[in-house]
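Hi everyone, thanks for coming. Please have the sequence and the 3D view open while I talk.

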Amino acid sequence: MAQVLAAYERHLVSERDLTPHTVRAYLGDIESMLRQAALLGHTDVTTLDVRTLRSWLATQQTLGKARTTMARRATAVRVFTAWLQRTDRSPTDAGALLGSPKAHRTLPPALRVDEARSLLDAAAEHADDGSPLGVRDAAVLELLYATGIRVGELCGLDVDDVDRERRVVRVLGKGRKERTVPYGVPAGRALERWVATGRPAITVPGAGAALFLGARGRRIDQRAVRTLVHRRLAEVPGAPDLGPHGLRHTAATHLLEGGADLRTVQELLGHASLATTQIYTHVTTDRLRRAYRQAHPRA
């Protein structure tokens, strides 16, 4: 089983080109399942059956795992067993009949338009003193909200990924898929200022082509961006405590509320499936319903 797991890791890294975080998540799920299988007497992956997989999922439920977590783990196991059969490591696909709990689709929290404006105005005020980090923070927040890109995508940006003349940014998303995302004039101004004055002031040898830099002059990391977003949002009265992903939700929600179609938002966010993007229609419908109840005399 250990040899099969090592081969599967090579497959995820080399053939599917998944990110280190995704590889760790997949392997963790499969290791957990194989440990359960070993306790049930399986010494080889060829003897895995759907009863064993269901037993493992039931154990996850007794441990109090969320339905979303269990659904993800069931998917990970189905992908693994399909790979076993496809590579002739198992005569059957044990996971083909494995169901998964239907995950509850919760509405992602998002800022109101006025809260987003207050956040960005406050960041611009912090940058008025000309400090490189203040200028950087304003550019980071403007770009996150303007594009809805993921925090990992933002941290991976290089200077040449930004076409400042056309106001678009080239993003390398999940599965190494590249997409081009436009941004507006305010984000353009913040980026121009950062590249012209802020970045040169703190860059150090070894920073390479990284667009955004940390306090020590090297490529910024995701933790620093999350800390920045939480800190700045704490200064906005009444705003929910969101991270960078909350700004992604906010951008998507405001696009739809402004009249963008779902397919366009899918492309901008880099969602592989339209079903992932559709959750934002629930957000906008919920807001419409609240506004209707407040405003219509016969609501």
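A quick word on the model: it is predicted, so local features need pLDDT of at least 70 and side-chain atom pairs count only at pLDDT 80 or more, while totals for chains, interfaces and linings use all residues. Residues are numbered from 1 along each chain as its sequence is written, and side-chain values use heavy atoms, leaving out hydrogens and water.

Let's begin with helix 1 (residues 2-15) and helix 2 (residues 20-39), whose axes come within 10 Å and cross at roughly 160 degrees. Helices here are DSSP runs of H or I with at least four residues, and strands are runs of E with at least two. The two helices are therefore roughly antiparallel, a label for angles over 145 degrees.

Which residues of helix 1 meet helix 2? They are Leu 5, Tyr 8, Glu 9, Leu 12 and Val 13, and among their partners in helix 2 are Val 23, Tyr 26 and Glu 31; contact means heavy atoms within 4.5 Å.

Now the loops. Most residues other than glycine have a negative phi. Asp 88, though not a glycine, has a positive phi of about 60 degrees. Find Asp 88 in the loop between helix 4 (67-86) and helix 5 (113-126). Is Asp 88 buried or exposed? Asp 88 is exposed, at a relative accessible area of 72% (buried is under 20%, exposed over 50%, partly exposed in between, with a 1.4 Å probe and protein chains only).

Arg 167 also has a positive phi, near 55 degrees. Arg 167 sits in the loop between strand 1 (162-163) and strand 2 (168-172), and is partly exposed at 34%.

How values were computed: Axes fitted to C-alpha atoms, helices over the stretch in contact; angles between N-to-C directions. Parallel < 35°, antiparallel > 145°, perpendicular 65-115°, else oblique.
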